[in-house]
Amino acid sequence: NGGLYDQAHALAPPALAQTGEISEEVKAPAKPVSASPGHYVLCGQAAILGALTATGKLLEPSQEGVLSAWEKNFKKATQEAAEALSPVGGHIMRQHILQEA
């Protein structure tokens, strides 16, 4: 019994010595991530945030073309929110929901 600092009470296992070789699993390229229903849910939340942001900007004075300005602000804020949530969500929002190239 070595008290509080003996190896029996260690939080992590001891580190293994590195050999300098990388296993085949690590060398393999990463698999692409496919979209799940959760990504679409997050895109919906991003769209709500985008609508709120765009509507808030309507209150600013000297806005010409209010509807087109709202749409532009909505798309920009929605895209930024989706990209902040996940890269896949940003891609789905841009390519499939907002349909921008």
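**View 1. Tyr40 and its contacts in the predicted model.** Leaving aside neighbours within four places in sequence, Tyr40 is in contact with Ile92 and Ile97. The model shown here and in the other views is predicted. Tyr40 lies in helix 2. With a relative accessibility of 45%, Tyr40 counts as partly exposed. Tyr40 and Gly89 are separated by 49 residues in sequence, while their C-alpha atoms are 7.1 Å apart in space.

**View 2. Ser86 in the loop between helix 3 and helix 4.** Ser86 is placed in the loop that runs between helix 3 (66–85) and helix 4 (87–97). The side chain of Ser86 reaches the backbone nitrogen of Gly89 at 2.8 Å. Ser86 has 14% relative accessibility and therefore counts as buried, the cut-off being under 20%.

**View 3. The salt bridge between Glu71 and Lys75.** A search of the whole structure finds two salt bridges. One of the two joins Glu71 to Lys75, with 3.5 Å between the closest N and O atoms. Glu71 and Lys75 are separated by about one helical turn, because they are four residues apart in helix 3. Glu71 is partly exposed at 40% relative accessibility, and Lys75 is partly exposed with a relative accessible area of 26%.

**View 4. The salt bridge between Glu83 and Arg94.** The side chains of Glu83 and Arg94 meet in a salt bridge, at 2.9 Å from N to O. This pair links distant parts of the chain, with Glu83 in helix 3 and Arg94 in helix 4, 11 residues apart. Side chains of opposite charge can pair when their charged atoms come close. Glu83 has a relative accessible area of 42% and is partly exposed. Arg94 is also partly exposed, with a relative accessible area of 26%.

**View 5. The largest nonpolar core.** This core has 10 residues in all: Cys43, Ala46, Ala54, Phe74, Ala81, Ala82, Val88, Ile92, Met93 and Leu98. Helix 2 (37–57), helix 3 and helix 4 each supply at least two residues of the core. In soluble globular proteins, nonpolar side chains tend to be buried together. Ala54, one of the core residues, touches Trp70, Asn73 and Phe74, not counting residues up to four places away in sequence. Phe74 is itself part of the core.

**View 6. Helix 3 and its buried residues.** Helix 3 has 20 residues and reaches 28 Å from its first C-alpha to its last, close to the 28 Å expected at 1.5 Å a residue. The buried residues of helix 3 are Ala69, Asn73, Phe74, Ala77, Thr78, Gln79, Ala81 and Ala82. Helix 2 and helix 4 are among the elements that cover these buried residues.

**View 7. The protein chain as context for the close-ups.** The secondary structure of the protein chain comes to four helices and zero strands, and read along the sequence the pattern is α-α-α-α. Of the 101 residues in the protein chain, 21% are buried. Among contacts between residues at least 6 apart in sequence, 55% join residues at least 24 apart. The accessible surface of the protein chain comes to about 8,300 Å², and 61% of this surface belongs to carbon and sulfur atoms.

Terms used:
Residues numbered from 1 in each chain as written. Predicted model: local features only at pLDDT ≥ 70, side-chain atom pairs only at ≥ 80, totals over all residues. Heavy atoms only, no water. Buried < 20%, exposed > 50% of the residue type's maximum accessible area, 1.4 Å probe, protein only. Polar contact = N/O pair within 3.5 Å; in protein donor to acceptor, adjacent residues only side chain to side chain. Salt bridge = Lys/Arg side-chain N within 4 Å of Asp/Glu carboxyl O. Core = buried A, V, L, I, M, F, W, Y, C linked by side-chain atoms within 4.5 Å. Contact = heavy atoms within 4.5 Å. Expected span 1.5 Å × (residues − 1). Areas by Shrake-Rupley, 256 points an atom, 1.4 Å probe, with all protein chains shown as cover.
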